[in-house]
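Reader: Hi! Could you walk me through this one before I set anything up?

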Amino acid sequence: MTTYVVYGDLLFLTNFILDLALLIAVKRFGNFPGPLWRVFLAAAFGAMIGVISLSARWMVLRTIFGKIIVSFLIVSLAFPAKGSRLITAFIYFYLIGFAMAGGVMALTWLVHDTSWQNSQLPYTALGLGAALLLALAFSYWGASYVKKNLRRSVMTEPLEIVLGGRKTSLPALMDTGNELLDPVTGRPVIIVEYHAVEEILPKDFRQAWLHWGHSDVTKIFTMAEEKNFGLSLRLVPFSSIGKRNGMLLGFCPQCIILPQRKHAVIRHAVVCLYDGAIGSREDCRGIVNPAILDMV
């Protein structure tokens with residue numbers, strides 16, 4: 001009978017590195033909010049459970065049910081998301097995990113003269129290195145691919161903005177590249193074309209925008225102290241290619257409605273105005289920070 005010796009400290013370290021790489025890949029791939037220390041804590045928790053599960057007393061952790069519960073706890077610890085966003089993170093966790101495991105298995109089998117059954121997959125230096133490289137690939141190239149190639153067909157949906165009892169609708173993109181937050185309140189930002197919401201804005205504000213909206217929105221913000229536009233205005237700094245320290249002028253709407261999500265109502269968001277066309281087509285007139293989905 002073959003006897004195996006397992007070193008708890010090495011097992012913990014290996015599992016910690018793998019879980020950390022996987023969670024970072026999930027975080028970037030899905031643009032999930034939350035501090036990085038939560039990801040480290042979740043990875044440590046997963047590694048600890050991996051060591052504890054070797055005990056005969058905790059064999060339940062090695063069952064399918066036990067693994068699913070532990071995985072859900074790991075994802076919940078890593079990302080402070082709720083509802084559908086948490087379920088999405090859980091799905092990404094398994095999909096990227098399966099892809100990483102499959103990649104490691106394929107690479108290990110290719111470079112060793114062994115069968116699939118005899119490959120020492122994640123516990124070799126080669127397997128660990130391959131897993132880290134695959135996690136890095138998913139973190140950067142995978143996320144970039146989704147943003148560039150899939151987001152328009154999958155993530156564009158109608159958006160209704162309500163202000164002062166008036167409502168307007170426009171097609172908007174749930175863009176994982178939009179991470180803008182109001183620096184004062186921390187509310188997620190939705191960028192929309194000015195002409196898409198012009199009809200619901202107060203007349204005095206529209207006149208001020210005609211003069212300064214294309215050149216210096218900070219003057220409109222300053223004017224609000226003298227004139228009562230009937231809006232709660234915000235200045236949101238941003239940086240983009242060719243422009244640093246830019247500034248967007250936004251307002252706090254009465255609410256945002258998402259018709260395709262059972263008419264979910266978002267009451268804590270900032271709508272920033274863009275003096276131009278966001279897309280080359282009429283199917284996208286706004287860019288939404290997906291963090292608003294955490295409020296659903």
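Author: Happy to; below we go through salt bridges, a helix, a surface patch and a few loop residues.

Author: This is a predicted model, where local features need pLDDT of at least 70, side-chain atom pairs count only at pLDDT 80 or more, and totals for chains, interfaces and linings use all residues. Residues are numbered from 1 along each chain as its sequence is written, and side-chain values use heavy atoms, with hydrogens and water left out.

Reader: Thanks! How many salt bridges does the structure hold?

Author: There are 4 salt bridges. A salt bridge here is a side-chain nitrogen of Lys or Arg within 4 Å of a carboxyl oxygen of Asp or Glu. In general, side chains of opposite charge can pair when their charged atoms come close.

Reader: Which residue meets Glu157 in a salt bridge?

Author: Arg261 does, with N to O at 3.0 Å. This pair links distant parts of the chain, 104 residues apart: Glu157 is in strand β1 (residues 156-163) and Arg261 in the loop between β6 and β7. Helices (H or I, at least four residues) and strands (E, at least two) are DSSP runs, numbered from the N terminus.

Reader: And is Glu157 buried or exposed?

Author: Glu157 counts as buried because its relative accessibility is 6%, while Arg261 is partly exposed at 30%. The cut-offs are under 20% relative accessible area for buried, over 50% for exposed, and partly exposed in between (1.4 Å probe, protein chains only).

Reader: What does Asp182 pair with?

Author: Asp182 forms a salt bridge with Arg234, and their closest N and O atoms are 3.1 Å apart. That one also links distant parts of the chain, with Asp182 in the loop between β2 (166-174) and β3 (189-193) and Arg234 in strand β4 (residues 233-240), 52 residues apart. Asp182 is buried at 2% relative accessibility, and Arg234 is buried too, with 19%.

Reader: Nice. Which residue forms a salt bridge with Glu160?

Author: Lys167, with the closest N and O atoms 3.6 Å apart. Glu160 is buried, with a relative accessible area of 14%.

Reader: Switching to helices: how far apart are the end C-alpha atoms of α2?

Author: They are 25 Å apart, which agrees with the 24 Å that the 17 residues of helix α2 (residues 36-52) should span at 1.5 Å a residue. The expected span is 1.5 Å times one less than the number of residues.

Reader: Which residues of α2 are buried?

Author: Val39, Ala42, Ala43, Gly46, Ala47, Ile49 and Gly50. They cover an arc of only 160 degrees around the axis, so they sit on the same side of α2. The arc is that of the directions from the helix axis to the C-beta atoms.

Reader: Which residues form the nonpolar patch on the surface?

Author: Phe72, Ile87, Ile91 and Leu95, with about 350 Å² of accessible area together. Patches take residues with over 30% relative accessible area and no salt bridge, joining like charges within 9 Å and nonpolar side chains (Val, Leu, Ile, Met, Phe, Trp, Tyr) within 5 Å. Accessible areas come from the Shrake-Rupley method with a 1.4 Å probe, and for residues only the protein chains shown count as cover. Helix α4 (residues 83-111) gives the most to the patch, with 3 residues. Leu95 is in α4, and Leu95 is exposed at 52%.

Reader: Last one: what is phi of Lys262?

Author: Phi of Lys262 is near 60 degrees, a positive value in a residue other than glycine. Lys262 is in the loop between β6 (255-258) and β7 (264-266), and at 81% relative accessibility Lys262 counts as exposed. His263 lies in the loop between β6 and β7 as well, and His263 has a positive phi of about 55 degrees although it is not a glycine.
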